[in-house]
Amino acid sequence: GNIGLQVLRAHRLGAQNIYAFEPIPNTFHILSMNMKLNGMHNGFFNTALGEKNGVIGMNITDFSAGMAQIQEDKEGLLQVPIETLNIFSDSHTELKTQKLSLIKIDVEGHEGEVINGALDFLKQHSDFNIIIEFGSPSSVSAVQTLDKNFTFSMKLYLWMQSPIDVDMSFVNDASKRESGDLVLFGLKKR
């Protein structure tokens, strides 16, 4: 999502079927323009992903829509649609038959909710990878949920450093954790 830089990178690397989700209307407009300017005319959706369907409040910072966060119980928030990937895939049945290769989750501390709302969909696939922004309690919960349902290996990518092999002890022990992009490789249902 966001303005589509990662989507464009995946497209240029040969990804055939890309789905991008961006809940902030102004940011979604930029994403849509970027995709169309680069020959992509579908596969992007103006919704948040989570563990329920409906409408949810988002707190948008003044300096970056990329840092927007879901905050359910505050007044004065931007109200955006939210749905689960489970329900989304029911109305986009091609997702159930296409080979799933990569999911990237960068949702500013809402990772666990996205995984909870995607678990049934994910269980229909095998041998795929997930990149998850790691460091928040919700991201820890997301990886723990995935570990209960799938086998996989992991590497942590820190800014400007070589990747580090990690395992569930890294995820489960707060004293070992570092923030970065955690890549889960070869997810297979337990």
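Two strands pair if DSSP finds at least two bridges between them. The structure is a predicted model, in which local features need pLDDT of at least 70, side-chain atom pairs count only at pLDDT 80 or more, and totals for chains, interfaces and linings use all residues. Residues are numbered from 1 along each chain as its sequence is written, and side-chain values use heavy atoms, with hydrogens and water left out.

Consider strand β11 (residues 180-189), which pairs with strand β8 (residues 128-134) in the antiparallel sense over six bridges. Within this pairing, isoleucine 130 has leucine 184 of β11 as its bridge partner. Strand β9 (residues 150-157) also runs antiparallel to β11, joined to that strand by seven bridges.

Phenylalanine 44 counts as buried because its relative accessibility is 13%; buried means under 20% relative accessible area, exposed over 50%, and partly exposed in between (1.4 Å probe, protein chains only). Leaving aside residues up to four places away in sequence, phenylalanine 44 touches Ala20, Phe28, Leu31, Ser32, Met35 and Lys36, where contact means heavy atoms within 4.5 Å. Phenylalanine 28 is 16 residues from phenylalanine 44 in sequence, and their C-alpha atoms are 8.4 Å apart in space.

Methionine 33 is located in helix α2 (residues 25-37). Methionine 33 counts as partly exposed because its relative accessibility is 41%.

Definitions and conventions:
Helices (H or I, at least four residues) and strands (E, at least two) are DSSP runs, numbered from the N terminus.
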